[in-house]
Amino acid sequence: MHPEDAPRTPEAGQIRTAPRICPLCEATCGLTLTIKGTRVTGARGDRDDVFSRGFICPKGASFGELDADPDRLRVPLVREDGELREASWQEAFALTAARIRPLVQEHGPQSVGVVLGNPNAHTMAGALYPQLLLGALGTRNLFTAGTLDQMPKHVSSGLLFGDAFAIPVPDLDRTDHLLLLGANPLDSNGSLCTAPDFPGKLRALRRRGGTLTVVDPRRTRTARLADRHIPIRPGADALLLAALAHVLFEERLTDLGPLAGQVEGVDELREAIRDFTPEAVAPACDMAAGEIRTIARELAAAPTAAVYGRIGSCTVEYGTLASWLVDVLNILTGNLDRPGGALFPLSATDRPPRIPAPGKGFSLGRWTSRVGGHPEAKGELPLTALAEEIETPGEGRIRAVIALATNPVLSAPDGDRLDRALTGLDFMVSVDPYLNETSRHADVVLPPPPPAQSAHFDFAFNGFAVRNQVRYSRAAVPLEEGRLDESEILARLVLAVSGMDGASPSAVDEMAIDRVLAKAVADPHSPVHGRDPRELSALLTGASGPERQLDLKLRLGPYGDGFAAEAGSGTGSAAVPGLRVPGLRLERLLEHPHGIDLGPLRPRLPEPLKTRSGQIELLPAPLAADLPRLRAALAERPASLVLVGRRHLRSNNSWMHNLPALNGGSNRCTLQIHPDDAARLGLKDGGAVRITADGGALEAPVEITDTVRTGVVSLPHGWGHDRPGTRTSVASARPGVNVNQLLDGSRLDPLSGTAVLNGFPVELSPATPLL
């Protein structure tokens with residue numbers, strides 16, 4: 001960072017405010033931080049933010065507490081004689097280089113596994129550098145949190161549209177009818193649908209006379225807001241969706257509208273789902289057949305409608321089929337790529353629109369994992385396979401792990417097994433601000449700075465936003481002495497594993513820029529085709545390597561200036577019909593600290609399609625081949641008691657339990673159970689229950705409530721902070737239990753490799769009261 005561009009160190013008593021995009025969930029709300037000296041003393045919603053308009057949730061309000069958490073690591077740790085001690089940055093990177101390179105040289109690149117957690121999607125560094133790290137290592141052993149939550153949607157989108165990131169989102173501000181499955185956005189703020197004030201948008205839908213139908217085994221806060229709540233049996237979402245599609249065909253309610261010439265496989269789909277009648281699926285869903293028909297008819301009759309499914313419909317046995325059928329319904333009713341339906345966002349750093357043409361398509365299983373033979377999906381292997389890849393001897397065994405912002409000991413099934421496996425590694429590096437249940441195993445821990453000391457741009461979530469916009473926040477306060485920016489940490493990590501430890505981190509940024517420019521100038525459809533990459537690189541602005549990368553992506557993006565000689569005269573904006581904004585580049589974005597509104601979502605098909613046919617492929621072969629498995633579920637006898645997770649408004653997986661402001665109240669690790677089931681099993685409110693499933697047994701406090709339907713119990717995800725060697729004092733004081741320890745990792749959605757975390761059978765019995 002150039003000294004003149006760095007945040008100035010304010011006087012100790014000076015009070016000021018600064019805008020900041022919240023990095024704590026997918027809603028990406030704008031915040032106004034109150035800062036005294038270099039300390040964040042408060043956070044409120046930014047009323048001038050072009051996207052969130054002042055909305056804030058308890059997580060955002062706790063920004064200052066998170067930023068100043070005394071348990072956050074401030075200097076690197078290295079392991080010496082079995083114990084972690086503080087070290088210099090130079091020592092930490094030198095040790096990493098000295099240990100990783102020889103392993104790769106002796107055992108090959110597959111001896112290193114890379115694990116990415118959800119927080120990577122919330123930082124600039126996490127978006128810009130992991131792929132460079134993978135390229136430097138040459139490993140295919142990539143494991144991410146995607147196979148614990150959203151991979152089914154990526155796979156279904158890849159198969160339907162040819163692009164795993166072409167995920168349509170509901171047009172919440174304009175739709176007349178929203179069918180929502182397995183999602184509780186009043187608590188989660190939304191997922192794969194970036195929508196600040198999701199609750200307000202649902203209330204606005206109701207106020208304008210629209211209809212909200214929520215399918216969920218729990219009567220969540222979102223379900224209580226709905227016109228109709230359907231307490232479906234967990235795991236049956238794909239059956240319900242297939243039956244809805246069946247009714248549309250049977251009653252001749254399909255109307256593809258403008259999509260008709262862009263879809264192939266409609267007749268094949270009709271035949272493939274003919275057995276999924278409402279009468280056939282009703283017992284498995286625990287619904288009336290007539291109710292299923294009513295939902296289908298209302299969906300077809302609505303002026304505009306959107307179907308949206310999330311984690312409750314993804315992390316189940318038929319997660320990919322359910323994700324696919326969500327879009328099938330949007331297509332069959334003519335609501336895909338239609339205002340008020342489900343549309344494809346166009347972010348400022350996306351590729352600009354191009355002349356539609358067939359693409360390379362999307363493939364599954366291009367390679368498989370060494371031990372279990374699990375097929376890759378989107379270049380990733382199931383996170384549940386990591387332990388066996390470390391434990392099992394033989395050529396290609398994972399001997400080293402680089403973990404970036406991840407805690408799979410708590411977030412993946414059978415954390416005890418992974419916990420043991422990590423102790424058998426030759427070497428481990430963790431980039432994490434906390435010494436948690438996973439990073440405690442590392443030989444080197446590299447802590448990023450607090451969020452107030454980091455710049456922020458949402459490369460990932462703008463691609464799922466319900467309104468096109470662009471916002472960027474520079475660091476609100478300067479880096480403390482002795483800290484490194486997260487981007488520099490990851491850039492130096494790339495250098496360390498490349499055998500270039502000690503080189504300038506800017507070399508990594510310039511390498512990334514050179515690669516993008518080389519590709520752009522060779523592309524005849526690019527606004528910079530045929531130009532000199534060195535000339536273009538010299539035009540980039542920014543106070544740091546990451547800012548230069550951002551400037552490049554903005555200039556080459558769909559709203560960018562295309563490196564035009566005069567500001568605002570680029571061709572990028574003209575590529576989006578009806579859009580009148582200046583040609584984007586970093587300098588112009590910095591002039592708008594509350595963001596630039598790029599307008600509502602617009603129809604984009606067929607431009608997003610990258611299938612080999614150039615059309616929407618409604619019944620791809622892998623999905624057709626998986627339908628018999630779903631058909632067999634019609635004859636299965638459901639388990640008498642199954643478990644589902646739940647989300648708390650004041651929590652986000654395992655990484656926010658260390659804040660006093662968020663740890664307590666309704667944010668509790670209890671087993672929720674319906675009064676009838678509790679009475680049948682002899683369980684008392686506040687008493688202890690023993691829960692047994694595939695992976696073992698747990699004990700948890702009982703919470704009797706009629707918000708969960710009979711035959712279903714609920715235990716939240718992300719708890720279990722009771723392992724030794726961590727430094728999370730608040731979380732450890734109220735550890736809860738790790739619900740994922742009930743699973744042994746054998747239950748997977750076969751197409752996506754996603755762990756089944758919801759709707760699995762359990763047995764309950766009274767237990768000795770918990771202390």
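Asn-184 sits in the loop that runs between strand 9 (177-181) and helix 7 (185-188), in a model that is predicted. The residue is buried, with a relative accessible area of 9%, and its side chain is joined to that of Thr-220 by a polar contact of 3.5 Å.

Asn-189 has a positive phi of about 70° although it is not a glycine, and at 2% relative accessibility it counts as buried. Most residues other than glycine have a negative phi, and most peptide bonds are trans. Against that background, Arg-252 likewise has a positive phi, near 55°; Arg-252 lies in the loop between helix 10 (237-250) and strand 12 (263-264), and at 77% relative accessibility it counts as exposed. The peptide bond from Leu-605 to Pro-606 is cis, with omega near 5°, and Pro-606 is found in the loop between strand 19 (596-600) and strand 20 (616-617).

| Residue | Relative accessible area | State |
|---|---|---|
| Asn-184 | 9% | buried |
| Asn-189 | 2% | buried |
| Arg-252 | 77% | exposed |
| Ala-302 | 14% | buried |
| Phe-344 | 2% | buried |

Ala-302 belongs to the loop between helix 13 (289-301) and strand 13. The C-alpha atoms of Ala-302 and Gly-319 are separated by 26 Å, although these residues stand 17 apart along the chain.

Aromatic side chains form four pairs in the model. One of them joins Phe-161 and Phe-344 in an edge-to-face arrangement, with 5.2 Å from centre to centre and 90° between the planes. Because Phe-161 lies in helix 6 (residues 151-161) and Phe-344 in the loop between strand 14 (342-343) and helix 16 (386-391), the pair ties together parts that are 183 residues apart in sequence. Phe-161 is buried, with a relative accessible area of 0%, and Phe-344 is also buried, at 2%. Elsewhere, a charged side chain meets a ring: Arg-555 lies over the face of Phe-563, at 4.9 Å from the ring centre.

Helix 19 (residues 486-497) has twelve residues and spans 17 Å from its first C-alpha to its last, which is close to the 16 Å expected at 1.5 Å a residue. Eleven of its twelve residues are buried, so helix 19 is largely enclosed by the rest of the structure; among the buried residues are Glu-486, Ile-489, Arg-492 and Val-497. The N-terminal end of helix 19 is capped by Asp-485, one of whose side-chain oxygens lies 2.9 Å from the backbone nitrogen of Ser-487. After the helix comes Gly-499, whose phi is positive, near 80°.

Empty space inside the model can also be described. Rolling a probe the size of a water molecule over the atoms shows where empty space is left. The structure holds four cavities of 30 Å³ or more, and the largest cavity contains about 100 Å³ of space. This largest cavity is lined by 13 residues, of which Lys-153, Pro-168, Tyr-308, Gly-309 and Val-326 are the closest to its centre. Strand 8 (169-170), strand 13 (306-309) and helix 15 (319-332) each contribute at least two residues to the lining of the largest cavity.

Note on methods. Residues numbered from 1 in each chain as written. Heavy atoms only, no water. Phe/Tyr/Trp six-rings, centres within 6.5 Å; stacked < 30°, edge-to-face > 60°. Helix = DSSP H or I, 4+ residues; strand = E, 2+ residues; numbered from the N terminus. Buried < 20%, exposed > 50% of the residue type's maximum accessible area, 1.4 Å probe, protein only. Lys NZ or Arg CZ within 6 Å of the ring centre and 35° of its normal. Expected span 1.5 Å × (residues − 1). Polar contact = N/O pair within 3.5 Å; in protein donor to acceptor, adjacent residues only side chain to side chain. 1 Å grid on protein atoms, 1.4 Å probe; cavity = no way out; pocket = protein on both sides within 12 Å on 5 of 7 lines; lining within 4 Å. Points joined across faces, edges and corners; volume = space filled by probe spheres on them.
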